Amino acid sequence: MFSKKFWQSPWVITIGGTIVASIGIDSITNIPLLTSIFKLLTINIELWVILILLSIYIIVKKYAKLDMTKETRLINSLKNHRNDKIDGYNYLFKLVHRYDDNVDVEQLSISCPECQTPMTLVNSYSNLTARCPRCSNEIYNLKSLEDTKKIIIDNLNRKNNHK
Ligand SMILES: [Zn+2]
């Protein structure tokens with residue numbers, strides 16, 4: 001019927017072998033071989049997915065907890081603080097998180113009481129002067145830049161400690 005060469009070809013051996021094996025397994029388990037392999041793989045994939053998701057969840061939860069340190073709470077609150085009232089003046093600034101985990105106040109200015117334009121701060125001798133670029137309004141004898149920055153950060157810390 002078929003030549004000797006046909007029966008010895010790798011295709012026939014592989015496919016024939018699989019069919020014979022699956023018939024054997026199917027007759028024992030009553031589940032078609034390919035279906036049972038597929039089911040096994042599916043279960044394994046699902047288990048892996050669950051395990052990976054579970055580990056990600058645990059890691060994220062752990063880091064989220066660690067993340068909520070006093071420092072981070074402060075930094076989070078920084079994002080919402082860009083002005084502060086000191087001595088009746090509305091100070092405008094940008095808060096910067098430094099490498100050493102400290103916070104720095106940058107671009108300090110005062111909102112002009114007359115026209116709300118950010119004023120130019122000029123350090124002269126021992127005190128600070130603010131001048132409005134729009135309406136030329138001037139404010140003298142302000143606290144020094146150094147002191148103002150310290151007060152801004154202290155106000156933030158106080159707010160943060162009361163949370
Ligand atoms: Zn002004």
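Predicted model: local features only at pLDDT ≥ 70, side-chain atom pairs only at ≥ 80, totals over all residues.
Now check the backbone: S136 has a positive phi of about 65 degrees, even though it isn't a glycine. Most residues other than glycine have a negative phi. As for where you are, S136 sits in the loop between β5 and β6.

Next, colour the two strands on either side. β5 covers residues 127-131 and β6 covers residues 138-142; they run antiparallel and are joined by three bridges. Six residues lie between the strands of this hairpin. To see how the strands line up, click L128 and look across to L142 in β6, which stands opposite.

D87 belongs to the loop between β1 (83-86) and β2 (89-97). D87 is exposed too, with 12 other C-beta atoms within 10 Å.

From there, bring up the sheet. Three strands make an open sheet in the order β1-β2-β3, with antiparallel pairing. β1 and β3 (103-110) are at the edges with a single partner strand each, so one side of each has no neighbour in the sheet. On average, neighbouring strands here are turned by 40 degrees against each other, ignoring direction. Zoom in on β1 and β2, which pair over four bridges, and pick out N83, whose bridge partner in β2 is L92.

Last stop: select helix α5, residues 145-161. α5 lies across β1, β2 and β3, and runs at about 120 degrees to β3.

Terms used. Residues numbered from 1 in each chain as written. Pairing = 2+ DSSP bridges. Buried ≥ 20, exposed ≤ 12 C-beta atoms within 10 Å, placed from the backbone. Axes fitted to C-alpha atoms, helices over the stretch in contact; angles between N-to-C directions. Contact = placed C-beta atoms within 7 Å.
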